[in-house]
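Please look over the structure below.

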Amino acid sequence: MKIDDIYAQWEQDSHIDRSELGNEALNIPKLHHKYFKIFTNERLVLRKYEAELKQLKLAKNEFFTMGPTEDTHAKGWRLPPQGKIIRSDVNNYIEADQEVINMSLRIGVQQEKIELLESIIKSLTGRGFNIKAAIEWEKFKVGI
């Protein structure tokens, strides 16, 4: 799921119909379930990306220290012009590798989604109090 999709759904779901506060209160568990399910799925995707990044870094480390294989050649991996890299420079090459950077960016986007979903879930946790306050305000306005 894209972050824009989450924003679009939350834009619709965050609206509270002031004329139906009771229904809005009853709708909180359903919304919590919806966003917690999305949160769980997105967190699992993050874990998958983190594991893939670890595997990619290991493969790049082996490639830069031991040289190319048929597999790495098929992937299109190329050593720098000087050939094998000394161990002390391997981490610099790995961190600057475009595939590693791309995977790190994917992880960053995934973390942003998770933070957004955590924020939505916290908002839903407090939504009942907001609805109760709105009901109390309506009672106060009519003198009850």
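Where does aspartate 97 lie? Aspartate 97 sits in the loop between α4 and α5. The model is predicted. Aspartate 97 has a relative accessible area of 14%. The cut-off for buried is under 20%, so aspartate 97 counts as buried. Leaving out residues up to four places away in sequence, aspartate 97 touches Lys60 and Phe64.

Lysine 60 is found in helix α2. Is lysine 60 buried or exposed? Its relative accessible area is 3%, so lysine 60 is buried. Which residues does lysine 60 contact, apart from its neighbours within four places in sequence? They are Trp77, Ile94, Asp97, Glu99 and Val100.

Valine 100 belongs to helix α5. Valine 100 is buried, at 1% relative accessibility. Valine 100 and lysine 60 are 40 residues apart along the chain, and their C-alpha atoms are separated by 8.8 Å. With neighbours within four places in sequence set aside, valine 100 is in contact with Leu53, Leu56, Lys57, Lys60 and Ile94.

**How α2 and α5 pack**

Two packed helices are described by the angle between their axes and the distance between the axes. Here helix α2 covers residues 21-66 and helix α5 covers residues 98-142. Their axes come within 9 Å and cross at roughly 165 degrees. Angles over 145 degrees count as roughly antiparallel, and α2 and α5 are therefore roughly antiparallel to each other. The crossing of α2 and α5 is left-handed. How do the residues of the contact of α2 with α5 divide? There are 24 nonpolar, five polar and twelve charged residues.

**Aromatic pairs**

How many aromatic pairs does a search of the whole structure find? The search finds six. Two of these pairs are set out here.

| Aromatic pair | Centre to centre | Angle between planes | Geometry |
|---|---|---|---|
| Phenylalanine 36 and phenylalanine 39 | 5.5 Å | 50 degrees | tilted |
| Phenylalanine 64 and tyrosine 93 | 5.9 Å | 50 degrees | tilted |

Take the pair of phenylalanine 36 and phenylalanine 39. Both residues lie in helix α2. They are three residues apart, about one turn of the helix. Phenylalanine 36 is partly exposed, with a relative accessible area of 37%. Phenylalanine 39 is buried, with a relative accessible area of 6%.

The pair of phenylalanine 64 and tyrosine 93 links distant parts of the chain. Phenylalanine 64 is in helix α2, and tyrosine 93 is in helix α4 (residues 87-96). The two are 29 residues apart. Phenylalanine 64 counts as buried, at 5% relative accessibility. Tyrosine 93 counts as partly exposed, at 29% relative accessibility.

Which residues form one aromatic cluster? Phe63, Phe64, Trp77 and Tyr93 do. Trp77 is among the contacts of lysine 60. Phe64 is touched by aspartate 97.

Aspartate 97, in the loop between α4 and α5, touches both Lys60 and Phe64. Lysine 60 of helix α2 also contacts Val100, a residue of helix α5. Lysine 60 and valine 100 each have Ile94 among their contacts, as the list for lysine 60 shows and the list for valine 100 repeats.

Key:
Residues numbered from 1 in each chain as written. Predicted model: local features only at pLDDT ≥ 70, side-chain atom pairs only at ≥ 80, totals over all residues. Heavy atoms only, no water. Axes fitted to C-alpha atoms, helices over the stretch in contact; angles between N-to-C directions. Helix = DSSP H or I, 4+ residues; strand = E, 2+ residues; numbered from the N terminus. Parallel < 35°, antiparallel > 145°, perpendicular 65-115°, else oblique. Left-handed = near helix turned anticlockwise from the far one by under 90°. Nonpolar A, V, L, I, M, F, W, Y, C, P; charged D, E, K, R; others polar. Buried < 20%, exposed > 50% of the residue type's maximum accessible area, 1.4 Å probe, protein only. Contact = heavy atoms within 4.5 Å. Phe/Tyr/Trp six-rings, centres within 6.5 Å; stacked < 30°, edge-to-face > 60°.
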